[in-house]
Amino acid sequence: MRMARAGRVVQGLGIVAALWSGGAFAQVTVVTAAKGHTMDVAHPEAEAFAYDAGGRLLDIGPRDAVLAKHPGARRLDLGSATVVPGLIDAHGHVANLGYTFLRADLVGTTSKDDVIARLKAFAKDLKPGAWLLGRGWDQNDWPEKNFPTAADLDAAFPDRPVWLRRVDGHAGWANTAAMKAIGRDVGGDWQPDGGRIERSGGRATGVFVDGAMQLIDRVVPPVDDETATRALELGMKSAVEHGLTGVHDAGVPLADLRRYMRLADAGKMPLRIDAMADGDHEAFAWLCEHGAYQHPGGRLEMRTVKLYIDGALGSRGAALLQPYADAPDTHGLLIIEPSKLREVTQRARRCKLQVATHAIGDRGNREVLDAYQLALGANPGDHRWRIEHAQVLSQDDLPRLAKMGVIASMQPTHATSDMPWAEDRLGPERIVGAYAWRRLRDTGTRLALGSDFPVESVDPRLGLYAAATRTDADGKPVGGWHPEEKLTAYEALRGFTLDAAYAGFDEHEVGSLEIGKRADFVVLREDPLAIDPSQLPNLTVEATYVDGKAVYTAN
């Protein structure tokens with residue numbers, strides 16, 4: 001499901017103007033609304049809450065009681081709106097989201113001709129010789145459903161290097177000019193570690209999968225600091241416009257962490273970022289040397305290392321225990337060797353860091369669980385290690401997550417985007433263990449929900465909808481795809497609030513509206529737990545608040 005592109009403008013601000021009763025410098029604000037869902041099981045609903053000048057919740061409860069306790073407070077009356085805790089995306093990519101506004105956007109293209117048309121329009125503003133970069137193509141959305149080739153790009157761009165990432169980020173499409181920039185022959189029968197060069201007759205076709213993408217990534221001119229910072233700013237801006245008050249940014253290099261630090265120092269971070277170090281690189285080494293990082297302003301932290309074991313299902317890079325049903329000559333790819341994964345996870349354990357590992361295929365998930373079990377030992381403590389995606393699990397491995405205390409960080413819209421072709425990849429037996437939200441939750445596994453933006457839309461309403469209906473934008477298939485795996489609207493909302501906060505060790509600060517926590521909340525025109533789940537994509541985000549201050553209001 002890739003409805004509603006990032007940056008969609010929500011119309012109709014329903015917030016009643018703030019009523020001042022304590023002067024311009026009142027130290028307490030009281031918020032009143034028709035309904036408030038707190039996600040606190042002891043007090044699940046409230047009509048009002050109060051917070052101090054620092055954005056900490058002081059009181060929550062019935063309207064009259066809260067108002068009576070704070071007679072001189074600033075008042076923010078939200079009328080008939082509904083308030084929910086700030087939404088947290090447990091797996092996104094902020095810089096990549098920002099770059100979608102700076103590069104060619106290929107999401108939703110329906111053919112190679114459609115891609116070429118968008119590229120031509122975008123290239124009009126490029127300097128001669130500059131690389132043409134873009135992202136978002138998906139051959140599964142095209143009539144022929146086959147990988148494209150360099151020849152498809154060469155006629156339109158014979159001299160300008162073109163490099164286009166697939167929607168999942170696990171494959172790239174290059175033209176001949178881009179491949180020449182590599183400076184070596186990419187033909188033959190050799191393959192790079194953890195990747196695959198697609199070839200025909202021994203010649204590279206132009207598609208590079210997973211680790212093979214580095215061959216071209218290394219020769220793409222690096223972005224300057226100003227552009228890289230701008231990408232972070234644009235990504236964060238889009239996130240708050242869609243009701244997000246927090247993002248677990250999955251795979252942040254040390255250079256971007258330092259850019260985040262500068263933005264946090266300058267008060268230019270509109271939401272909370274739980275940054276994950278980008279694998280076994282500089283940021284991981286920095287964490288091991290200095291310990292987990294937290295900015296004093298409370299909007300930036302890094303205590304996690306993000307690893308990869310395999311690729312993606314759409315590009316047949318996900319590592320499977322048995323061959324692909326629609327490509328019996330391949331089992332997918334392991335991006336790193338299992339022995340390396342075990343070594344890195346044990347090092348992370350010694351450094352007292354959380355580990356979050358991308359795993360899509362059933363073999364990938366098994367290798368991660370085995371590595372975690374070895375690193376954590378018999379007395380793992382409160383580790384909260386995570387599997388990012390956990391898309392395809394064997395029946396034997398599915399109950400292991402709860403037993404080991406491993407969090408499943410899953411993205412509901414992946415299921416509704418993948419459902420037209422996922423069973424072709426896996427076959428009728430393995431699909432039973434795929435996108436298994438309900439069974440994982442019922443075994444006791446904590447589900448932290450997100451989107452994997454910009455692979456999917458940044459809009460969390462689409463995640464709530466996909467989780468509760470398992471249907472596409474048109475409500476198909478009727479009743480939902482494998483409907484036995486649906487979540488309730490409440491469970492989905494919890495996955496984007498309290499359980500996402502728990503996955504980031506943040507549940508004492510955010511994730512629910514409780515006294516002592518941060519005043520992070522979203523104002524919705526409709527009640528997400530009262531409307532029919534089919535209407536969840538149409539929720540109106542009227543405002544997003546972080547630390548009690550509006551970081552977005554609808555026009």
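Visitor: Which strands does helix α3 lie across?
Guide: In this predicted model, helix α3 (residues 112–123) lies across β8, β9, β10 and β11 (171–174), running at about 145 degrees to β9. Axes here are lines fitted to C-alpha atoms, for helices over the stretch in contact (heavy atoms within 4.5 Å), and angles run from 0 to 180 degrees between N-to-C directions. Helices (H or I, at least four residues) and strands (E, at least two) are DSSP runs, numbered from the N terminus.

Visitor: In what order do the six strands of the open sheet come?
Guide: The order is β8-β9-β10-β11-β13-β12, with mixed pairing, where two strands pair if DSSP finds at least two bridges between them. The edge strands, each pairing on one side only, are β8 (104–105) and β12 (195–200).

Visitor: Parallel or antiparallel for β10 and β11?
Guide: They pair in the antiparallel sense over three bridges, and Trp163 stands opposite Ala174 in β11. Their hairpin has four residues between the strands, and Gly169 takes a positive phi near 75 degrees there.

Visitor: Which way do the residues of β11 point?
Guide: Ala171 and Trp173 point one way, Gly172 and Ala174 the other way, and all are buried, that is, under 20% relative accessible area, with exposed over 50% and partly exposed in between (1.4 Å probe, protein chains only).

Visitor: Changing topic, what are the ground rules for the numbers?
Guide: Residues are numbered from 1 along each chain as its sequence is written, and side-chain values use heavy atoms, leaving out hydrogens and water. Local features need pLDDT of at least 70 and side-chain atom pairs count only at pLDDT 80 or more, while totals for chains, interfaces and linings use all residues.
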